[in-house]
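Subject: Structure handover

Hello,

The structure is below, followed by notes on what was found in it. Please look it over when you have a moment.

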Amino acid sequence: MVDLIKKSAKSLQESLFSSVGSSVLTIATTYLVINFFRGMLGFALTSDKDWLAVLNNMQLYMVQAYPEEDFIRVWLSVGLTFVLAGLSIGIWRSEARVKSSQVFNSFFKGGLGVLFFTIIAPTNASFMGNDGSVITEEVLSMDSRLGILIPVVIFCAIFFSIRFTNVSFTVNSSDMVFFYLFIPVALLWFVKLPTIQLNQNNERIIPDPVMPIASSTKIPWTVIFVSFLVSYFIGMYLKNIKSIKSIMSLSWFLLPLLIFSWIFKKPQIDMSVVLGSDLPIFGVFLLWGFLVITFVNNALFKKYYSTYLGVTFLLTLAGVFSGLPMLAKTCLLLITLFSVVVPAVSTSSQGKRSLLIVWAVALVTLTFLLRGGASDTGIVVPGSSIFGGFSLTWLLAIFGTYVSFPLGVLLALGRNSKLPIIRIVCTGIIELTRSVPYITWLFFASVTLAVFLPAGVEFNLIVRVLMVTAFFSGAYFAENIRGGLQSIPKGQYEAADAIGMSPFQKISLIIMPQALRAVIPTLVSSAITAFKDSSLVTIIGLFDFLTIGKTVIGNQSIPVNFVGHDRENLIFVAIVYWIFTFTLSRRSMKVEKKLGLGER
Amino acid sequence: MSIIQTKDVKKWFGDFQALKGITMDVAEGEVLVVCGPSGSGKSTFIRCINRLEQHQEGQIIVDGIELTNDLKNIEAIRSEVGMVFQSFNLFPHLTVMQNITLAQIWVRKKNRAESEEKAMELLERVGIPEQAQKFPGQLSGGQQQRVAIARALAMEPKIMLFDEPTSALDPEMIKEVLDVMKELAKSGMTMIVVTHEMGFAKEVADRVMLFDDGMLVEENTPDEFFNNPKSDRTKLFLSQIL
Ligand SMILES: Nc1ncnc2c1ncn2[C@@H]1O[C@H](COP(=O)(O)OP(=O)(O)O)[C@@H](O)[C@H]1O
Ligand SMILES: [Mg+2]
């Protein structure tokens with residue numbers, strides 16, 4: 001024990017006070033940091049601050065004005081995500097084990113953190129009253145300080161002393177996820193905080209009654225936690241099924257589509273349209289693509305290939321200006337593109353099979369999006385977009401990345417393509433998109449885009465924003481990935497050719513994995529930027545997370561009075577943004593480390 | 001019967017003519033050593049044989065298939081011809097095992113267990129079975145080149161092309177790679193080896209060729225080539241190198 005203290009004291013001395021300069025730096029920084037936290041705590045604890053402005057507006061923060069009778073859709077989406085996550089963690093369960101000492105150590109450190117804040121918190125804090133005078137108030141009395149300190153010291157002492165006993169075990173690192181999630185869910189049931197309640201006259205009851213937090217959401221969250229846990233066990237059980245991993249990956253790919261449509265609308269399936277128009281169109285184009293793929297290496301087809309392309313192109317032109325259904329028009333455009341690309345990539349039978357799958361998935365997605373995005377939503381929110389707050393920010397971030405990342409990969413490959421048409425088109429898209437500010441694109445989405453869409457097709461504002469966002473971040477992703485592609489030595493292409501890989505295999509197994517690895521840090525910072533930039537949508541009248549905190553809550557006056565309480569909300573918003581971006585960048589560092597193994 | 005035949009092969013890079021009409025053939029099981037000064041077109045020539053470079057005039061016929069723009073022929077030939085590069089060109093993001101099994105699984109469509117068995121067999125043959133789970137970056141140059149040989153052999157090629165396989169290696173590692181190549185030559189593999197290792201040529205080559213300025217200057221048995229060369233160019237080359 002004494003040894004340990006001596007040792008840590010020595011290492012402290014070496015790292016912090018090794019010279020006069022570093023001692024001065026250490027002391028100055030410590031002083032600044034302590035003062036910063038004292039100021040923050042003083043601000044947070046005075047009675048001038050009404051944290052209920054944050055706490056009681058959680059629903060607004062999460063889904064804004066989404067109709068309450070449709071909340072079940074939101075819960076189901078969240079639940080489905082957790083079920084999939086549970087299954088995946090179970091299926092990919094790592095065998096890595098965490099030592100108990102590590103866990104105890106993190107508890108100990110957490111306790112130390114609380115101790116630190118309790119000790120430095122100011123006893124008195126001042127703030128500006130309504131009449132401009134300075135009011136000083138006691139925020140943390142010595143008694144209550146001791147009341148916190150004593151239990152925390154005991155807590156720390158327990159976890160510190162455990163390391164000197166021979167209590168030692170290991171926990172599976174995947175299991176730990178559930179333990180850490182269990183804590184907040186359990187807290188929902190026990191922690192009580194002041195809550196805003198109104199009396200018969202619709203006035204706020206003062207003082208606020210103390211109630212369990214999240215009284216309306218603790219049951220859904222508990223149910224979700226339990227299903228998360230259950231699906232984890234099911235996942236472990238399913239682990240050995242043969243193609244379960246590809247099925248899971250596919251489910252993750254389809255999940256956003258499903259959630260998107262599910263949250264956005266009550267399904268209104270007009271069977272006559274589906275049977276009479278969608279399915280036939282779908283079948284025709286599936287067959288067409290299939291024929292192109294089958295005969296691509298056929299000598300006769302090759303001979304008349306340019307004639308075929310010309311005819312298809314003319315058909316497409318004629319189709320676009322005719323009265324065909326939107327789906328048929330889009331499919332025509334798609335088949336032209338497809339016919340241009342196929343001869344370049346399809347050689348082996350394996351390549352052909354994957355191409356056919358790509359083609360089918362593209363058609364399904366397209367049909368789905370056109371039917372889903374362009375019809376009436378069925379969920380009515382008077383005077384507002386369907387939802388806002390965190391769900392909007394999250395949707396823009398996730399769906400934006402989800403669409404724009406593959407788009408970026410395609411654009412990057414296209415820009416490096418040997419075929420001039422593809423290269424020019426991709427370069428054009430990238431340069432056009434990047435040379436105009438994001439805000440301009442947002443205005444384009446809200447005001448101009450409708451002009452470019454065929455008559456009769458109307459997309460919800462959120463869908464339009466998603467469309468321009470996908471292209472905008474896609475262009476940035478493309479440029480990052482292109483940088484990665486350029487860093488791959490020519491020898492890698494040659495080695496792949498020399499062992500007989502097809503162009504498709506070469507790109508997807510050799511080139512892309514290396515190119516992506518080389519650009520993970522830039523990709524992550526692009527994703528973080530996209531996440532934060534989503535708050536710009538406030539400019540076209542959407543209510544993202546930040547806007548809710550800053551504008552909406554800051555204007556709530558009756559029956560509560562939150563006017564002027566935007567500072568608490570801004571701090572809350574900043575913390576939430578920070579948690580997400582920080583987690584993302586930490587995760588990416590881990591992935592980088594894992595992938596970096598081969599580089600040495 | 002000759003397994004590789006070339007007739008008057010010519011190749012230009014822009015205005016620069018790198019190959020000025022190469023006519024030669026290689027019999028099955030033959031070991032051919034190609035040497036010549038730097039820039040004489042040796043690499044260009046053997047890279048034409050598996051179409052990493054495209055010749056503009058002349059004919060190349062490998063195992064009865066002529067190399068044209070037909071993708072099918074190119075793929076067929078590439079899976080019969082293994083290639084080992086001067087700079088190894090292993091895939092750095094894959095383990096040694098994955099490097100060797102990749103083509104078997106994706107190109108030959110074998111199942112994983114079978115490919116891994118084959119890979120272990122080959123790693124034993126090149127003498128590094130214990131490195132299977134490492135990444136290329138963790139191996140020495142000599143070990144990497146031996147992995148590259150195993151990777152090419154995994155496709156069960158009929159012909160192996162070597163483009164200066166030992167030039168990027170430290171002297172003490174050259175021997176381990178040459179030993180593997182000698183063993184391969186003795187097992188009856190058809191090989192074209194571009195190299196300056198004259199010891200290797202004397203020991204295992206059936207024929208030695210000298211390239212100069214895009215032309216095939218001399219073609220001879222090793223004995224004659226080293227002791228009694230036909231052309232003055234060869235004498236000059238040998239005097240510089242030996
Ligand atoms: N991709 C290329 N573009 C232009 N010139 C090239 C290219 N590859 C090789 N050359 C030229 O062709 C000639 C023959 O090169 P190479 O076959 O690599 O020679 P060697 O392998 O005998 O040293 C050299 O003069 C070289 O500069
Ligand atoms: Mg060379």
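To begin with ligand 1: helix 1 of chain B gives the largest share of the shell around the ligand, three residues. Helices (H or I, at least four residues) and strands (E, at least two) are DSSP runs, numbered from the N terminus.

Before the rest, the conventions. This is a predicted model, in which local features need pLDDT of at least 70 and side-chain atom pairs count only at pLDDT 80 or more, while totals for chains, interfaces and linings use all residues. Residues are numbered from 1 along each chain as its sequence is written, chains are lettered from A and ligands numbered from 1 in the order in which they are written, and side-chain values use heavy atoms, with hydrogens and water left out.

The residues around ligand 1 (a heavy atom within 4 Å of it) include Phe13(B), Phe16(B), Ala18(B), Pro37(B) and Lys42(B). By class, the shell has four nonpolar, six polar and one charged residues. Here Ala, Val, Leu, Ile, Met, Phe, Trp, Tyr, Cys and Pro count as nonpolar, Asp, Glu, Lys and Arg as charged, and the others, Gly among them, as polar.

- Gly39(B), through a backbone N or O atom, at 2.7 Å
- Ser43(B), through a polar side-chain atom, at 2.5 Å
- Thr44(B), through a side-chain N or O atom, at 2.4 Å

Ligand 1 alone exposes 560 Å², and the protein buries 61% of that (Shrake-Rupley method, 1.4 Å probe; for residues, only the protein chains shown count as cover).

Now the interface. Contact (heavy atoms within 4.5 Å) takes in 25 residues from chain B and 25 residues from chain A. The buried area, meaning the accessible area (1.4 Å probe) that two parts lose on being put together, summed over both, is about 2,300 Å², with 60% from carbon and sulfur atoms. Glu75(B), His93(B) and Trp106(B) supply 23% of what chain B buries against chain A, more than any other three residues.

There are two salt bridges between the chains (a side-chain nitrogen of Lys or Arg within 4 Å of a carboxyl oxygen of Asp or Glu). One of them joins Arg78(B) to Asp497(A), with the closest N and O atoms 3.9 Å apart.

Regards

Terms used
Polar contact = N/O pair within 3.5 Å; in protein donor to acceptor, adjacent residues only side chain to side chain.
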